[in-house]
Amino acid sequence: MRHTTRTAVMLCAALGLTAAVGSASAVPATSSAATARAAAVRQTAPPVLVDCLWHAKVRPGDFILACGDGNSRLVSLHWDTWGQGSARGTGVNVVNDCDPYCAAGHFHPYAVVVKLDRPQPWKKHPQVQHYSRITLTYLGDRPDQFGRVVTYPLWN
């Protein structure tokens, strides 16, 4: 009985080792296939917009520009295009005037055209492209300290 148990344990160990070695040798083929699939997705899927909480968004309805304090955000976004190289839409930039200071300030709406461009691999998910730059063009009034067109780099 003791000999049979020892033989069974040895057989199980040998089978486990064989399975582990066999699956380890299969990893490069699977990794190559996964890499090829990721490259194909990257070429066909449009870039995403990464928000303050590191969530990937496509055609979001709103977007916080000032992640630290929320004193500038885009709302009522409507996208005309969302493609491989750029995205374009319209919306409202709601900006705190911070007068006399931000906690006591007031938010003011400004109509804008939004352009996203410069897609790059996202550091969190390199197989996903994300827009790395945003440009706002103010259609009428704008905050005093802003130019008619402002461009910001986007985090990744």
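The side chains of D117 and R133 meet in a salt bridge, with 2.7 Å from N to O; the term salt bridge stands for a side-chain nitrogen of Lys or Arg within 4 Å of a carboxyl oxygen of Asp or Glu. Because D117 lies in strand 6 and R133 in strand 7, this pair ties together parts that are 16 residues apart in sequence. Strands here are DSSP runs of E with at least two residues, numbered from the N terminus.

This is a predicted model, in which local features need pLDDT of at least 70 and side-chain atom pairs count only at pLDDT 80 or more, while totals for chains, interfaces and linings use all residues. Residues are numbered from 1 along each chain as its sequence is written, and side-chain values use heavy atoms, with hydrogens and water left out.

Salt bridges that share partners join K115, D117 and R133 into one network.

How accessible are these residues?

| Residue | Relative accessibility | Class |
|---|---|---|
| K115 | 34% | partly exposed |
| D117 | 7% | buried |
| R133 | 23% | partly exposed |
| Q129 | 17% | buried |

Q129 has its place in strand 7, which covers residues 129–138. The side chain of Q129 reaches the backbone nitrogen of Q120 at 3.5 Å.

The pairing of strands can be followed from strand 4 onwards, where two strands count as paired if DSSP finds at least two bridges between them. Strand 4 (residues 72–82) and strand 5 (residues 86–96) run antiparallel and are joined by 8 bridges, and the two form a hairpin with 3 residues between them. Within this pairing, R73 has V94 in strand 5 as its bridge partner. Strand 5 is in turn joined to strand 6 (residues 107–121) by 11 bridges, and these strands also run antiparallel; here the bridge partner of N96 is F107 in strand 6. In a regular strand, the side chains alternate between the two faces of the sheet.

Note on methods:
Helices (H or I, at least four residues) and strands (E, at least two) are DSSP runs, numbered from the N terminus. Buried means under 20% relative accessible area, exposed over 50%, partly exposed in between (1.4 Å probe, protein chains only). A polar contact is a pair of N or O atoms within 3.5 Å; within protein, one must be able to donate a hydrogen and the other to accept it, and residues adjacent in sequence count only if both atoms are side-chain atoms.
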